[in-house]
Amino acid sequence: MARSQWGSRLGFILAAAGSAVGLGAIWKFPYVASQNGGGAFLLIFIGFVFTLGIAMMMAEMALGRAAQSGAVGAYRKMGGKRWVWVGYMGVLVGFLIMSFYSVVGGWTIAYIIKSVTGEVISADAKHLGSVFGSFVSDPVQPLVYHALFMALTVGVVLGGVQKGIENLSKFLMPALFVMMLVLIVRGLFLPGALDGVAYFLNPDFSKVTGKTVIDALGLAFFSLSLGMGAMVAYGSYVSKDTSIPSSALWVVSLTTGVCILAGLMVLPAVFAFGFDPAAGPGLTFITMPAVFAKMVGGQLFAVVFFILLMVAALTSAVSLMEVVTSFMIDEFHMKRVPAALSMASLMFVLGVPASLSLGEWSGYTLFGKGVFDLLDYTTSNILMPLGGVLLAILAGWKIWPEIHAQLGGDRGERIVWMPAMKAISCFVAPALVGVILVYNNL
Ligand code: PHE
């Protein structure tokens, strides 16, 4: 049977952007940027995105199309036996991410409901902080929503590649963009909001530390869905005549655009309402409701916003689950339904301590981090960059002719950026990421 393909180039771009744009851009980016001093972080993040990020995006898609298979198969086929464990590592990363991602996905569902009931429609910063705090530290509630989000994800994954993912992405992206623009405009008119804009856009390099750099690197990989094989899988469904470089550029730009919009949406509100910029994972959830409270029809906006956020999270979660599920199907010859259900159950189970670590189990730490933070840190800041480096080495040193051909080199034209792509793969990515990883973790 021929491998199924995306309906069109646009379908492919939107689906890949659907994987990339999610909680990383809208939930994680604002609080990590905010914890790391704003402007300087943004610049470093953008620096990584448009060098390593775009190069790795192209390399992953090219690898997938060349091999006509998902990550594990692709590493095996193109790299040989010694490389296959890079694919395994990607599956493991997908598994680990999904377990805590689904917890946060659950928060979005809870916030849809809290918006409907009006519990979070308030401009009182203290109230919003305590609603969030008591919700995430509750031993039961977040787990129920975590289960619900996991179930939704399985539902989409079982719907199949094209129907499920492509259709969902097509209407979500534009709606999300428009919604964010509206919220930014409203937020900017709040008294004090411009301090937030200044914080976000004025680089203060005295705040830059090793942590800033690795957080920016990790977030670039996380928010672009790189370094674990998701884009390899998506690339394997791309038709021969779709241009990978231009698709990759679109996906990277759209995602970065959403990250920046999210920053402009959240940070001005942080300053206008006097929230703590270093508040952490609750930032988007506690500040946005305050903006809604100041809007005509704010409650409706709140409901729509959290629905869009939930769907954005869902399209990303689907790509995580797909990597893990197709691994079980290809390697262990499982059927799709049991593969998805069994993996989802295991991810759910691992998500339980992650969720509890934000409340009752906050005392249990390893290397100073609770389970949630530990999962987040090891995947984003260690394993994904590592996966990216290994891919770069494979692409640059071992299978460059295939990658070169997939990126348009087979048409015989001279492509101006191709030497840069090769240099990033062979030297820049391994050296830079190597130094950052070693510096921060040893
Ligand atoms: N990029 C997704 C997000 O930002 C998360 C993700 C990472 C999805 C890796 C797939 C693979 O929400």
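Predicted model: local features only at pLDDT ≥ 70, side-chain atom pairs only at ≥ 80, totals over all residues.
At what angle do the axes of helix H7 (residues 141–158) and H14 cross, and within what distance do they come?

**View 1. The crossing of helices H7 and H14.** The axes of H7 (residues 141–158) and H14 come within 9 Å of each other and cross at roughly 65°. Because angles of 65 to 115 degrees count as roughly perpendicular, the two helices are described as roughly perpendicular to each other. The crossing of H7 and H14 is right-handed. On the side of H7 the contact is made by Leu152, Thr153, Val154, Val156 and Val157, and on the side of H14 by Leu314, Ala317, Val318, Met321, Glu322 and Thr325. By class, this contact comprises 8 nonpolar, 2 polar and 1 charged residues.

**View 2. The surroundings of helix H4.** Helix H4 (residues 71–79) is mostly covered, with 7 of its 9 residues buried, namely Ala71, Val72, Gly73, Ala74, Tyr75, Met78 and Gly79. These buried residues pack against helices H3 (39–67), H5 (84–117), H11 (230–235), H14 (298–332), H16 (371–398) and H17 (400–406). Just after H4, glycine 80 takes a positive phi of about 95°.

**View 3. The shell around the ligand.** Of the 15 residues around the ligand, those that come nearest are Gly22, Gly24, Ser225, Ala230 and Ser316. Helices H1 (9–20), H2 (23–35), H10 (210–223) and H14 each supply at least two residues of this shell. By class, the shell has 8 nonpolar and 7 polar residues, and no charged residues.

How values were computed. Residues numbered from 1 in each chain as written. Buried ≥ 20, exposed ≤ 12 C-beta atoms within 10 Å, placed from the backbone. Helix = DSSP H or I, 4+ residues; strand = E, 2+ residues; numbered from the N terminus. Contact = placed C-beta atoms within 7 Å. Near = placed C-beta within 6 Å. Nonpolar A, V, L, I, M, F, W, Y, C, P; charged D, E, K, R; others polar. Axes fitted to C-alpha atoms, helices over the stretch in contact; angles between N-to-C directions. Parallel < 35°, antiparallel > 145°, perpendicular 65-115°, else oblique. Left-handed = near helix turned anticlockwise from the far one by under 90°.
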